[in-house]
Amino acid sequence: ETGLSYLNTGVMPRTVLFTIHENIPHLYPARLFNTLAAAIYKYTDYKTFIVLLRSLLAISLFIIFLRTIKKKFSFNIYNIIVLSLFGLGSTIFLDRPAMIGAIFGLFTIPLLLKYSPSFKHITLCFILFILWGNLHSSALILIPIIGYSLVIKVLSKENIKPTITYFCLAAISLFMTPEGFNFIQYTYNTITISGSRSLTEWSGALRLVHPDISLIYLLCLSLLLYSLLKNNKLKEFAKSPVFPLAFLGFISIRHAIWPIVLLPYTFKTFQLWSKQKNTLFQNKSLNLLIIGGISLYIMINSPILGLSTHYNHGHSNDSLREAQDVISQFSASQRIFNQWELGSYLTLFQKGKIFIDTRNIVFSQKVYNEYKHIILGKKKYLKKLEYYKLDTVILRKEGWPLINKIKQNPAWDIIFEDKQFIIFTKIKQK
């Protein structure tokens, strides 16, 4: 929606127009991606947009496979485990558009393992820094990881000139965005506000709020630490810029992507690949075919993320599509109370105004408190529905108290229900 607005008016909105609340003015550090995504959607359709998004990510992941294995890769059970965990973990995040920005991280961070003083290497990194910064605010992670390397080199009394060069270039590149360095405040607000509101995707891996992602992350981290200890490389790894990234998943499950997608690079860089060989798989073409097959299988048949059925925050999009005939009939005057995870989908496929969407930092704490009060069916929840003139409720069937309370209210009717979702509308009085 924001990208479409920018394409149509030339102005990136600082507030959104599709909710019933006045939003807190905010920046959009992912302006370039928003615009590209909107252009694809505008001139094709939703399905094509999703296919192109996933294809771009799949191709990028496959390139990483090729760059990682090269000629020294030996195909055996140990390596299958590493690549399978990498592929499976990566596919969990495929439906998050922010992964487009993270692609640059996947190619940039391995380059930082060298901190080469060569002009070609420095220039390539600087270009990637700029592109990454304009695509997504996750580029801000460059500052702490290069800063970490700088501190380690100072303590180890190593040559710090190349690292200082990369640190300065990273800082400069963050200024080279339409919003300048202001998106630091945006990123800070995202982290602090999301954390204070205990949003599930900002929970740490050990809380197991998202058991699928947490399990993959913990498996990857365990395999990495085991291999480092076995090969006596832990001290060497602790000095690398990947080290602080490896433990970010404990802070927030959103950051579990980094150690997962960097797993093959890390194994290669620190020479952790198993040296055992299976003579049955020495043929390069056969290796490539098998690895490609594993990659494709993971992308399409993952029990955690099926390529054709899942959408964004882990719920089945097919179910919402079944309700799309109902949703598409909503009028522009309709006012919808929705679970916050469904907000993005609803803004795209219907005209009515919603209560809240996933960009939680644009809503005041008062609005978020009202959201919790209603969805938990607390005292006087009906008065709040009336106060905001809400005539439709769309929720996932996750045991929210509001569902049972509205079911028992004769003033509301169920217009759609399946195993995952339920939609209520208020009965109009004659």
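**Surface, helices and salt bridges**

Modeller: Start with a nonpolar surface patch made of Ile172, Phe175 and Met176, with about 300 Å² of accessible area together. A patch takes residues with over 30% relative accessible area and no salt bridge, joining like charges within 9 Å and nonpolar side chains (Val, Leu, Ile, Met, Phe, Trp, Tyr) within 5 Å. Areas come from the Shrake-Rupley method with a 1.4 Å probe, and for residues only the protein chains shown count as cover.

Colleague: What kind of model is it, and how are residues numbered?

Modeller: It is a predicted model: local features need pLDDT of at least 70, side-chain atom pairs count only at pLDDT 80 or more, and totals for chains, interfaces and linings use all residues. Residues are numbered from 1 along each chain as its sequence is written, and side-chain values use heavy atoms, leaving out hydrogens and water.

Colleague: How do H6 and H8 cross?

Modeller: The axis of H6 (residues 119-135) comes within 9 Å of the H8 axis, and the two cross at roughly 30°. H6 is therefore roughly parallel to H8. Under 35 degrees counts as roughly parallel, over 145 as roughly antiparallel, 65 to 115 as roughly perpendicular, and the rest as oblique. Axes are lines fitted to C-alpha atoms, for helices over the stretch in contact, with angles from 0 to 180 degrees between N-to-C directions.

Colleague: Left-handed or right-handed, that crossing of H6 and H8?

Modeller: Right-handed. A crossing is right-handed if the near helix is turned clockwise from the far one by less than a right angle, and left-handed if anticlockwise.

Colleague: And H7 with H8, parallel or antiparallel?

Modeller: Roughly antiparallel, because the axes of H7 (residues 142-155) and H8 cross at roughly 160°. Those axes come within 9 Å. The crossing of H7 and H8 is left-handed.

Colleague: Pick a residue in H6. Is His121 buried or exposed?

Modeller: His121 lies in H6. At 11% relative accessibility, His121 counts as buried. Its C-alpha is 8.0 Å from that of Leu111, which is 10 residues away along the chain.

Colleague: Switching to backbone. Which phi does Lys380 have?

Modeller: A positive one, about 65°, although Lys380 is not a glycine. Lys380 lies in the loop between helix H19 (365-375) and helix H20 (381-387). Its relative accessibility is 53%, so Lys380 counts as exposed.

Colleague: And what about Lys389?

Modeller: Lys389 is not a glycine either, and has a positive phi of about 55°. This residue lies in the loop between H20 and strand S5 (392-396). At 61% relative accessibility, Lys389 counts as exposed.

Colleague: Where does Asn231 lie?

Modeller: In the loop between helix H10 (211-230) and helix H11 (234-238). Asn231 is partly exposed at 33% relative accessibility. Asn231 and Gln271 are 40 residues apart in sequence, with their C-alpha atoms 8.5 Å apart.

Colleague: On to charges. How many salt bridges are there?

Modeller: The count is 6. A salt bridge here is a side-chain nitrogen of Lys or Arg within 4 Å of a carboxyl oxygen of Asp or Glu.

Colleague: Which residue pairs with Glu236?

Modeller: Lys233, with the closest N and O atoms 3.7 Å apart. Glu236 is partly exposed at 41% relative accessibility, whereas Lys233 is buried at 18%.

Colleague: And which residue meets Arg396?

Modeller: Glu398, at 3.2 Å, N to O. Arg396 is buried, with a relative accessible area of 15%. Glu398 is partly exposed, at 41%.

Colleague: Which residues form a network?

Modeller: Lys397, Lys407 and Glu417 are linked by salt bridges. Within it, the side chains of Glu417 and Lys407 meet at 3.6 Å, N to O. That pair links distant parts of the chain, with Glu417 in strand S6 (residues 412-417) and Lys407 in helix H21 (residues 401-407), 10 residues apart. Glu417 is partly exposed at 38% relative accessibility, and Lys407 is partly exposed at 42%.

Definitions and conventions. Helices (H or I, at least four residues) and strands (E, at least two) are DSSP runs, numbered from the N terminus. Buried means under 20% relative accessible area, exposed over 50%, partly exposed in between (1.4 Å probe, protein chains only).
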